[in-house]
Amino acid sequence: MSITSRDYAGGTGLPKKTRSLCPECGKILEANIFAKDGKVIMEKECPVHGKFSDTYWSDVDYYLKAEKFAHDGVGLHNPCDKTVPKGGDDTVHIVIDGNRIDMLSCTAIANVDLTNRCNMNCPICFANANHQGYVYEPTFEQVHDMLVTLRSEEPIKCTAVQFAGGEPTVYDRFIDVIADAKSLKFAQIQVATNGIKFAKDYEFLKAAKMAGMNTIYLQFDSLREEVYLRSRARKMLDVKMKVIENCRRLNEEGLHSPSIVLVPVVVTGMNDNEIGDIVKFAFENSDVIRGVNFQPVAFTGRVTQEEVSKGRFTLPDLIRCVEEQTGYANREDWYPVPVVAPISKFASAFLGENKVTFTTHPHCGIATYLFQDEKGNVVPFPRFVDVERFSRELDKIADKADDSKFKKLYAVKLLKLLNSCVDESKMPEGLTKMKFVKMISGVMGDKSKETLAAFSWKMMLICGMHFQDSYNYDVERVRRCGVHYVTPDCRIIPFCAYNSGPEFRKAVEDKFSVPLEEWKKTHQDQAKELAEALIVPKDE
């Protein structure tokens, strides 16, 4: 049950070595990671294709800070994997260039691609039937088996699923899939969407909500139409606003809207100057928007080394942009994902059962919580909570609780620790320790929306997740990935391996897809919708 302490392959500090890939041939190469001119650089050399150099993180000091919070997970087993012989090794792993790579982290959230069909035709998309020339679309029965696989994982069962694509809302049995996930007791059911169907059809949105959808992971690149024209080949801002309006309508009808998380894909020179405006927009609509998850673009396909160097946007760049464009938070207010691992570790020890633990690699993602009071003043969570001390000391408490027969005593220790790590004098105006603890307890429970509604402060999660490409590929990040795909043959594959590098996506879709022209013959109505995605409306 315990998590090993910061002992991951590749070592800590700089310089260090890891394994990466040749962007040209996909061979595994030894890579050097080192500091240069205040940045963290990755260099590798292929005997055939030469040397490659890329910025891993654009801030050495923050790279080293993040590394302090590294935790290894307990591994992952998948008893439902249909490719494993009965009684065979069900340890979740992938094979790259003949090298077996075992997964160390549980599935924090799983992606289920319902289809590669879409009602758009975005230039930057990596999963689109119109581009690929085939249709990948698991049957409802296959999707059910995929969900059962996630709920059967050992030693920690997956509790959060995100339906994606293509555009998942065009899947014929979309509502049934949501309801099925709910019946299988997923605690968090998300939909990654462009928003078109939720904008056009309020009753469809309502049905999804009633079936069990918790979160709309809304593609949201900009507040300017010219950016959508560049990234999505059509105007989309009105669609995004309509989704927000329809979610607000659900609230007005007493149905408690799904939470909206804005998801901007950040491209240097395209929308990196809008990061602050998007954060402010989220606060302005915090009755339905609960967070913003920025995703720096990953370079897939053939690009030059010069294009990679020019366009690379890393997580420290996000920190810098938020500070420069909002003034809300500085570099001290952000932490890597595994900073919260001790919380789950404590819960597992206290309750005597394994809970989902965020042992994601410390350089995969960063986050902060921002509080805004009635006057518009914003205070980051780490300004009034000693996050580093709380994480460090709770890790020790969890170790002791795990070995103790008197676990209830450690709940008292947890409360004492939290109380000692909170500085009431630095809280947003009007917030007290007692109210804060009550709010946090409510938000972490089943009545998060009702709890937030009872307070006048707005709380917003701002985070960034930098998915890998072949240029900055780090096998140690893949091993610790917490975002996994499940396939129709019930395999579990980490996100970055699925979409970049060796790109397992292609092999999976080749195995379970139908040629586009063949599919059109038996799906005339859907084929018409797919063809319409290629047509940009005249006024756009």
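These notebook entries record what I looked up in a predicted model.

**Entry 1: nonpolar cores**

The largest nonpolar core has 108 residues. Val112, Leu150, Phe163, Phe198, Ile260 and Leu262 are the residues with the most contacts inside this core. I then noted a second, separate core of 24 residues, which includes Phe346, Leu417, Val422 and Met459. As general background, nonpolar side chains tend to be buried together in soluble globular proteins.

I next asked which residues Leu150 touches, not counting those up to four places away in sequence. I found Ala110, Val112, Lys157, Cys158, Val161, Phe186, Val486 and Ile492.

**Entry 2**

I turned to strand E21, residues 483-486, and found both of its faces covered. Val483 and Tyr485 lie on one side, His484 and Val486 lie on the other, and all are buried. In a regular strand the side chains alternate between the two faces of the sheet.

I then looked up how E21 pairs. Strand E9 (residues 109-113) runs parallel to E21 and is joined to E21 by 3 bridges. Strand E22 (residues 492-494) pairs with E21 in the antiparallel sense, also over 3 bridges. His484 stands opposite Ala110, and His484 also stands opposite Pro494 in E22.

E21 and E22 form a hairpin with 5 residues between the strands. In this hairpin I noted that Cys490 takes a positive phi near 65 degrees.

**Entry 3: Gln219**

I looked up Gln219, which is found in strand E13 (residues 215-219). Is Gln219 buried or exposed? Gln219 counts as buried because its relative accessibility is 16%, under the cut-off of 20%. Leaving aside neighbours within four places in sequence, I listed the contacts of Gln219 as Met120, Thr193, Asn194, Arg232, Lys240 and Val263.

**Entry 4: a nonpolar patch on the surface**

I found a nonpolar patch on the surface, formed by Val340, Ile343 and Phe358. Together these residues have about 200 Å² of accessible area. Val340 lies in the loop between strand E17 (335-336) and helix H12 (341-351). I recorded Val340 as partly exposed because its relative accessibility is 33%.

**Entry 5: salt bridges**

How many salt bridges are there in the model? The count comes to 41 salt bridges. I examined several of them in turn.

Lys17 forms a salt bridge with Glu30, and the closest N and O atoms are 3.4 Å apart. This pair links distant parts of the chain, with Lys17 in strand E2 (residues 16-21) and Glu30 in strand E3 (residues 28-36), 13 residues apart. Lys17 is partly exposed, with a relative accessible area of 45%, whereas Glu30 is exposed at 53%.

Arg173 forms a salt bridge with Asp176, with the closest N and O atoms 2.9 Å apart. Arg173 counts as partly exposed at 35% relative accessibility, and Asp176 is partly exposed with a relative accessible area of 35%.

Glu253 and Arg249 form another salt bridge, in which the closest N and O atoms are 3.5 Å apart. Glu253 is partly exposed at 38%, and Arg249 is partly exposed at 37%.

Last, I noted a network of salt bridges that links Arg19, Asp72, Glu476, Arg479 and Arg480.

Notes:
Residues are numbered from 1 along each chain as its sequence is written. This is a predicted model: local features need pLDDT of at least 70, side-chain atom pairs count only at pLDDT 80 or more; totals for chains, interfaces and linings use all residues. Side-chain values use heavy atoms; hydrogens and water are left out. Patches are made of residues with over 30% relative accessible area and no salt bridge: like charges are joined within 9 Å, nonpolar side chains (Val, Leu, Ile, Met, Phe, Trp, Tyr) within 5 Å. Accessible areas come from the Shrake-Rupley method with a 1.4 Å probe; for residues, only the protein chains shown count as cover. A salt bridge is a side-chain nitrogen of Lys or Arg within 4 Å of a carboxyl oxygen of Asp or Glu. Helices (H or I, at least four residues) and strands (E, at least two) are DSSP runs, numbered from the N terminus. Buried means under 20% relative accessible area, exposed over 50%, partly exposed in between (1.4 Å probe, protein chains only). A nonpolar core is a set of buried Ala, Val, Leu, Ile, Met, Phe, Trp, Tyr and Cys residues joined through side-chain atoms within 4.5 Å. Contact means heavy atoms within 4.5 Å. Two strands pair if DSSP finds at least two bridges between them.
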